[in-house]
Amino acid sequence: MQKVKYSLPISQRVYLIAILKGMMVTGRHFLRNLLRPGQMPTINYPEIRRKYSSRFRGLQILTVKENGELRCTACMLCATACPAACIHITAAEHPDPKVEKFPLEFNIDMLRCVFCGMCEEACPVDAIRMGPTYELANFDRSDFIFTKEELVKHGNFTQSKVKHH
Ligand code: SF4
Ligand code: SF4
């Protein structure tokens, strides 16, 4: 049987050359980034945070009325529309006869949420909105269940301050 001869060029047989070439590319980028940090394509997170569009869908916000009460009337439309079944509401009768119901409990399991925005779309009274918060890392699974108190607090604004898109 005839032996097959491999005739790789010297540059490919001496792997050191390839490694050096790669290191030169890395070094070039390192020096460029060091000398011109403003032109880096990356962001120095968390010192610098990217500004996302106002249409960004992050952690939900429960909006409140001027008197500080939740706008939510516990109608369950958002929970029904949610494809991930991650909204859990316990409705209760409101002491004010003009308001039928309010959410005694309003929890969102953010480990299940797919940030589709269907809850926001379904709400007839604009009581839930997709907010700008995207930092949702936690150490415990239970910390991903956001209660109504947390969902209101992190939004921290009333309906009158909400900018309509
Ligand atoms: S964004 Fe989508 S998945 Fe998340 S709570 Fe709203 S409807 Fe459910
Ligand atoms: S957030 Fe809106 S859709 Fe969801 S229960 Fe409250 S009022 Fe209904």
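Author: Start with one term: a residue is near a molecule if one of its heavy atoms lies within 4 Å of it. By that rule 14 residues surround ligand 1, and the closest are Cys82, Cys113, Cys116, Gly117 and Cys119. Keep in mind that this is a predicted model.

Reader: What makes the residues of the shell around ligand 1 nonpolar, polar or charged?

Author: The residue type decides: Cys, for example, counts as nonpolar, and Gly as polar. On that basis the shell around ligand 1 divides into 12 nonpolar, 2 polar and no charged residues.

Reader: Which residues are closest to ligand 2, and how does its shell divide?

Author: The closest are Cys72, Cys75, Met76, Cys78 and Cys123, out of 14 residues that surround ligand 2. The shell of ligand 2 has 13 nonpolar residues, 1 polar and no charged.

Reader: What about Ala74: buried or exposed?

Author: Ala74 has 0% relative accessibility, which is under 20%, so Ala74 counts as buried. Ala74 is also found in the loop between β1 and α3 (77-81). Phi of Ala74 is near 55 degrees, again positive in a residue other than glycine.

Reader: Why is Asp126 called buried?

Author: The value for Asp126 is 18% relative accessibility, under the 20% limit, so Asp126 counts as buried. Its place is in the loop between α4 (118-122) and β4 (128-130). Asp126 and Arg71 are 55 residues apart in sequence, while their C-alpha atoms are 7.6 Å apart in space.

Reader: How much of the chain is buried?

Author: Of its 165 residues, 27% count as buried. The chain has 5 helices and 5 strands, and from the N terminus on they run α-α-β-α-β-β-α-β-β-α.

Reader: How do you know on which side of helix α5 the buried residues lie?

Author: The buried residues of α5 (residues 148-155) are Lys148, Leu151 and Gly155. They cover an arc of only 70 degrees around the axis, which puts them on the same side of α5. An α-helix has 3.6 residues a turn, so residues three or four places apart point the same way. The face of α5 turned away from the buried side carries the exposed residues Glu149 and Lys153.

Reader: What covers the buried residues of α5?

Author: The cover includes β1 (60-62), β3 (101-109) and β5 (145-146).

Reader: Where is there a cis peptide bond?

Author: A cis peptide bond joins Tyr45 and Pro46, with omega about 10 degrees. Pro46 lies in the loop between α2 (15-35) and β1.

Notes
Residues numbered from 1 in each chain as written. Chains lettered and ligands numbered in written order. Predicted model: local features only at pLDDT ≥ 70, side-chain atom pairs only at ≥ 80, totals over all residues. Heavy atoms only, no water. Buried < 20%, exposed > 50% of the residue type's maximum accessible area, 1.4 Å probe, protein only. Helix = DSSP H or I, 4+ residues; strand = E, 2+ residues; numbered from the N terminus. Arc of directions from axis to C-beta. Contact = heavy atoms within 4.5 Å.
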